[in-house]
Amino acid sequence: MEQLLSILHTTLRMTTPIALAALGGLYAHRAGVLNVALEGMMLASAFFGVITSFATGNIFLALFVGILASVVLGFVFSFFGITLKGNLTIVGLAINTLVAGASSFILQVVFGQRGTFANQKIVGLKELDIPILRNIPILGDIFNKHTPIVYLSLLVLVVVHFILYHTKLGVYIRTVGEKEDAAVSVGLPVNKLRYISVLIGSVLCGLAGINIALENVTMFVENMTGGRGFIALAAIYSGRGTAIGTYVFSLLFGFADAMQIRMQNIKIPGAFIQMIPYLSIIVVLSVIGLLNKRSRRVSDDV
Amino acid sequence: MKKRVLVGMLVGALALGLVGCGQKKETKETNKDQFKVAMITSEGGLGDRSFNDSGNEGLKQAKEKLNVTTKVVEPGDVSEGETYLSQLAESGMDLVITLDLGHSDVLKKVAKKYPDTQFAIFNTAVEGSNVSSVLFKEQEGSFLAGALSALVTQDTSLEQVNDKKIISFIGGIDSPGINIFLSGFKEGASHIDPEIKVLSGYTNSFADPAKGKETALSQIGQGSDIVFQAAGATGDGVIQAAKQKNVFAIGVDSDQDGIAKGNVLTSVMKRVDNAVYGLVEDGMKKEYQTTYELGLKEKGVELSPMTYTKDLISEDYLKQIEGLREQIISGEIKVKDIRK
């Protein structure tokens, strides 16, 4: 029991960056924009967040600058991908490559560091010990003692869901994605809505980057986002573009990762256990693909 | 619109500029009589506070003390190995050292093509009349770390230590080059007390500190109070976890004791600097060996001086470790090499 609770506690922590990036990418997805740049946005936020924290010792400023960096990339992505109608995958990958290269470069030239940037002066966000939660059994074990952005991510889930399904903006965004022609014909500002979608995503990716670099640890390492942006994309697709579905699948991937860390002590070759998160992604995507196919066939019959 | 295009072009130019600067080559004026050494770093390049930096340190020393010309090249990835090896040999280097064991296959080819150049490769054995292979006996350093951990984990008077006889290991990737640390660590621990339990885990990445921290927290949760990591930058996360939970971590490759003062028990150091320096020295005398196997005896591996922890730990333990070190050097204790 204690083991399980500790796994769930870890799960929530490992889910957070994936879920934030996924919920962020969700708007763009629903607006018909494939945001491949999630990874780069997260990394940029992690990088500039760490640098700002190092330089000023002010975590709020670090949070702001991290998100700002991510938003700037959101503009770049939107400009090339939406305004200039460039190939989204290429623009996205270009941004990811650019951030990976630029962060290493700046680290080397300005700070004389390569690979890792860790310093006592970097201030991170601490875990919160919430008085009421502390005393509730089970719930307290799972939900207490997390860092602020973990809690924020749960709030984000609610807000994202609400905006997408219960506000005019949400309806517009979905319309743009589902039937662009219809959106144009009723006079919706298609490009503007797509910009907004991408930029909301940037803000959330910014949070995810800070979560990785200044909450989980307090340092920057080249490519420290480690493919979480792409797992987030998988979560969006698996969740069939709904906020709750996306979160559930982020949670599943986080859980698989937490499990594999925990299960490494069992006498099974480590490589098999390390496959779990990726295997679960493939299995989930396959099952969803099959289900989609079936429901499509049914609707074709009708 | 014109303005936008202009902005776009500027961003593009900036991007190109950054990419163009990605690779760094250091060229110094060469004097014909001087001995010329080039070193190719392994992936990660300089600034890793570890393997490559240590090699560079040795090269710097050689430059100062032995008056040789040096050059360091940092390839972007392993596939560029052949180009660099050939180019450096072509440019008249006397000794070309590669720290990347991924270059072993191409080195065989290149070495044959340039018989007048001496090559050296680290961490793997490559055959060839003009190739030296430099291997470290990581197991010997890890043995001492394991033995020390086995002693320390039973000393409950320390605030960092719990009452469980559990210690643990975190590796970057499940591979012989990493598992050699684990096997030595285990052997050392059970030499002191066969009942010590050694947990182990892998993060599948050398650059994911968040995962390193998570794995360490999981092991600490299972009762480990000393976590030995051999996982590159992932290991920085392990050390942060140890600091957060106030237990011990053990560093690797270079002296990492200062990363979290008092929470890094010791570091299993690979003295790449000594090895590089030694190679240059031998090169100037033209007395290369085909294989260098560097262990405790050759000062190729050693434990860090424990600057921040030696006062915490009972002197008796340190004496025992020193005794074990001497026994390994004299050959009384032979630590198994799982790679052979």
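A salt bridge here is a side-chain nitrogen of Lys or Arg within 4 Å of a carboxyl oxygen of Asp or Glu. One such pair joins Lys165(B) and Glu195(B), at 3.2 Å from N to O. Lys165(B) sits in the loop between helix H5 (138-152) and strand E6 (166-171) of chain B, and Glu195(B) in the loop between helix H6 (176-192) and strand E7 (197-202) of chain B, so the pair ties together parts that are 30 residues apart in sequence. Helices (H or I, at least four residues) and strands (E, at least two) are DSSP runs, numbered from the N terminus. Lys165(B) is partly exposed at 31% relative accessibility, while Glu195(B) is exposed at 61%; buried means under 20% relative accessible area, exposed over 50%, and partly exposed in between (1.4 Å probe, protein chains only).

This is a predicted model, in which local features need pLDDT of at least 70 and side-chain atom pairs count only at pLDDT 80 or more, whereas totals for chains, interfaces and linings use all residues. Residues are numbered from 1 along each chain as its sequence is written, chains are lettered from A and ligands numbered from 1 in the order in which they are written, and side-chain values use heavy atoms, with hydrogens and water left out.

Over all chains, the search turns up 15 salt bridges. In chain A, Glu180(A) meets Arg194(A) at 3.5 Å, N to O. Since Glu180(A) belongs to helix H9 (residues 180-185) and Arg194(A) to helix H10 of chain A, this pair ties together parts that are 14 residues apart in sequence. Glu180(A) is partly exposed at 37%, but Arg194(A) is buried at 11%. Over in chain B, Arg271(B) pairs with Asp273(B), with the closest N and O atoms 3.1 Å apart, and Asp273(B) is buried at 9% relative accessibility. Chain B also holds a network of salt bridges linking Glu138(B), Lys270(B), Asp337(B) and Arg339(B).

What about the place where the chains meet? The contact (heavy atoms within 4.5 Å) takes 38 residues from chain A and 40 from chain B. Together the chains bury about 3,100 Å², 51% of it on carbon and sulfur atoms; buried area is the accessible area (1.4 Å probe) that two parts lose on being put together, summed over both. On the chain A side, Arg114(A), Ile261(A) and Asn265(A) lose the most area to chain B, together 18% of what that side buries. Three salt bridges cross this interface. Lys211(B) and Asp257(A) also meet in a salt bridge, at 3.3 Å from N to O. Elements giving two or more residues to the chain A side include helix H1 (2-30), helix H3 (59-83) and helix H12 (243-263) of chain A.

Aromatic rings pair up too: rings of Phe, Tyr and Trp (its six-membered ring) count if their centres lie within 6.5 Å, with planes under 30 degrees apart called stacked, over 60 edge-to-face and the rest tilted. The count comes to twelve pairs over all chains. Phe54(A) and Phe117(A) are edge-to-face, 5.1 Å centre to centre with 70 degrees between the planes. This pair links distant parts of the chain, 63 residues apart, with Phe54(A) in helix H2 (residues 38-56) and Phe117(A) in strand E1 (residues 116-117) of chain A. Phe54(A) is buried at 18%, and so is Phe117(A), at 2%. Phe79(A) and Phe80(A) make another edge-to-face pair, at 5.3 Å and 80 degrees. In chain B, ring pairs link Phe169(B), Phe181(B), Phe185(B) and Phe228(B) into a cluster.
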